[in-house]
Amino acid sequence: MTHPDPTTHPFEAAEASAAVLAERTGVARHDVAVVLGSGWKPAADRLGEVTAELPVTELGGFPESSVAGHGSTVRSIRNGDRHVLVFMGRVHLYEGHHPNVVAHGVRTAVRAGAGTVVLTNAAGGLRPGMRAGQPVLIADHLNLTGHTPLLGPNDDRLGPRFPDMGDVYTASLRELARTVEPTLEEAVYLGLLGPTYETPAEVAMIGRLGGELVGMSTVLEAIAVAHTGTPLLALSLVTNLAAGLADEVLAHDDVLAVAAASAERMGSLIADLVARLT
Ligand code: 8IG
């Protein structure tokens, strides 16, 4: 059986992937979904007991990884009486993927039953005082990717044509996160296409536009989640100060090293949060 194409049939594709997920994991419904971005993988081991793990490609609708054997997996994790679906990576627009492919994971999670979605990423920090290794709650975003996962005819089974965007990063979930970790600050995330980091002039522009974090992911997934009306929490790990604000040249390996140091602690935070969801 061929899988429905998420670029043309996002609802059917998500529904079909959710059905495969239920069958392969033996879990009929997952309560929460977590997407782990760059540097967040060490957080996975704090989320609970892994009861199943499979390559995302087996769910259908996800692209094959360009590096053989290095595609990402999805885990089904038990946290108390909650079933948590954890994506051990994501796909990005800059890899050449369609916005609906970028959003396929979160749409699958919602069809699989997720009543809360947690998105994580690594980001550059622009706000004065931000430091590498600092986790930050995303309070709102600026979508400057020039793309949306809602292009084309609207499918009312996913959500409305003109979704409200007033509380995408659910205020009550941010409040809950701060009861677990009171030191968490909030910031506005500005999403760009990438894959380049910013020029100094672009960093200056982002600051003037109100961007306090900058990255190449998350905003399209957040739009797809908001479209479905599902509560969302998003966390950025500041792994570098945006170009021009620090002296060093940005290197991806440095970004990952900084992230690893905080990600375990953040895994515990997410686990605590999942346990407190009502
Ligand atoms: I990690 O400084 C990370 N991802 N666009 N700019 C953009 N993406 C990023 C950055 C950054 N740091």
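A polar contact is a pair of N or O atoms within 3.5 Å. In this predicted model, a nitrogen atom of the ligand lies 2.5 Å from an N or O atom in the side chain of E198, so that this pair falls within the cut-off for a polar contact.

- The ligand taken alone exposes 330 Å², of which the protein buries 95%.

**The shell around the ligand**
- The ligand is surrounded by 11 residues, and the closest of them are G124, E198, G215, T239 and N240.
- At least two residues of this shell come from each of strand 5 (116-125), strand 8 (213-215) and strand 9 (232-241), with strand 5 giving the largest share, three residues.
- Sorted by class, the shell around the ligand consists of six nonpolar, four polar and one charged residues.

**The cavity**
- The structure contains one cavity of 30 Å³ or more, and the volume of the largest cavity is about 80 Å³.
- The largest cavity is lined by 13 residues, among which L93, M216, S217, T218 and L220 are the closest to its centre.
- Helix 6 (residues 219-228) contributes the most to the lining of the largest cavity, supplying three residues, while the lining as a whole divides by class into eight nonpolar, four polar and one charged residues.

Notes. Residues numbered from 1 in each chain as written. Predicted model: local features only at pLDDT ≥ 70, side-chain atom pairs only at ≥ 80, totals over all residues. Heavy atoms only, no water. Near = heavy atom within 4 Å. Polar contact = N/O pair within 3.5 Å; in protein donor to acceptor, adjacent residues only side chain to side chain. Areas by Shrake-Rupley, 256 points an atom, 1.4 Å probe, with all protein chains shown as cover. Helix = DSSP H or I, 4+ residues; strand = E, 2+ residues; numbered from the N terminus. Nonpolar A, V, L, I, M, F, W, Y, C, P; charged D, E, K, R; others polar. 1 Å grid on protein atoms, 1.4 Å probe; cavity = no way out; pocket = protein on both sides within 12 Å on 5 of 7 lines; lining within 4 Å. Points joined across faces, edges and corners; volume = space filled by probe spheres on them.
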